[in-house]
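Please walk through this structure with attention to its aromatic rings and to the packing of one of its helices.

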Amino acid sequence: MYGEQLAEIYDLVYRGRGKDFAAEATEVAEIVRGSKPNATSLLDVGCGTGEHLVHLSKLFEHVEGLELSAPMRAIAQEKLPGVPIHAGTMDDFDLGRTFDAVTCLFSTIAYQPSTEGLHATARCLARHLVPGGVVVIDPWWFPERFCEGYIAGDVVRDEDRTVARVSHSTRRDGVSRVEAHYLVADSTGIRHFVDTQLITLFTREEYATALRTAGCDVEYLPDRLSPRGVFVGLRR
């Protein structure tokens, strides 16, 4: 998952597809401070290439990231010198400190393959919060909202490369399968690779139950951050 080929074009592809990392970071900060106005520290779990963290670092005094993929983590660290970007899995990490806010964005939590993994992740996130701290989780689609057979296609460019991406989404046994084909053209030629993501279709109640069990009061905000809505947990 998220090897070197995808990591090197990740930001280009998603910015080209319309993802506004700066606006999302601003909205995350608004959500956090709606519950904890004096929040100054934030941990982004599954931070990827660090693009959200770049903007969150301007909104919080202290930020850190956690990322499993070594190529993604290396890009994040290059963008954010001096910011700790930890290696680790979201369901089993211990940084030895707590934060005012913990985020898990862009449906990262749904890469857990089971409700057991979802609960383990929720416990890890909550354990890294101060009492009264805020966790913000951007879920994947709920089962009833997933679009079976969905196809997408995009062509994005920068000064050095053109990237074409086409994808097809299916589901089986409560898991969505997103198969994406990439064509990358640059001065060295054209290359093709395939990336397949398995993303679990957890229900709204499964997310909420995991957070409650982890010791958080939970609110689901259907109209914030993305069309999927966002879960906000307040550590008891």
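In this predicted model, Tyr220 has a relative accessibility of 13% and therefore counts as buried, the cut-off being under 20%. Phe142, with a relative accessible area of 5%, is buried as well. The ring centres of Phe142 and Tyr220 lie 5.5 Å apart with their planes at 55 degrees, so this pair is tilted. It joins distant parts of the chain, since Phe142 sits in the loop between E5 and E6 whereas Tyr220 belongs to strand E10, 78 residues apart.

The structure holds 11 aromatic pairs, and Phe142 takes part in a tilted one with Tyr207, at 6.2 Å centre to centre and 55 degrees between the planes. Because Phe142 lies in the loop between E5 and strand E6 (151–157) and Tyr207 in helix H7, this pair ties together parts that are 65 residues apart in sequence. Both Phe142 and Tyr207 are buried.

Elsewhere, ring pairs link Tyr2, Tyr10, Tyr14, Phe106 and Tyr111 into a cluster. Phe106 also has Lys19 over its face, at 3.8 Å from the ring centre, and Arg33 lies over the face of Phe60, at 4.2 Å from the ring centre.

The buried residues of H6 are Gly117, Leu118, Ala120, Thr121, Ala122, Cys124, Leu125 and Ala126. These buried residues pack against several elements, among them helix H7 (204–213) and strand E10 (216–221), the elements that hold Tyr207 and Tyr220 respectively.

Notes:
Residues are numbered from 1 along each chain as its sequence is written. This is a predicted model: local features need pLDDT of at least 70, side-chain atom pairs count only at pLDDT 80 or more; totals for chains, interfaces and linings use all residues. Side-chain values use heavy atoms; hydrogens and water are left out. Buried means under 20% relative accessible area, exposed over 50%, partly exposed in between (1.4 Å probe, protein chains only). Helices (H or I, at least four residues) and strands (E, at least two) are DSSP runs, numbered from the N terminus. Contact means heavy atoms within 4.5 Å. Rings of Phe, Tyr and Trp (its six-membered ring) pair if their centres lie within 6.5 Å; planes under 30 degrees apart count as stacked, over 60 as edge-to-face and the rest as tilted. A charge sits over a ring if NZ of Lys or CZ of Arg is within 6 Å of the ring centre and within 35 degrees of the ring normal.
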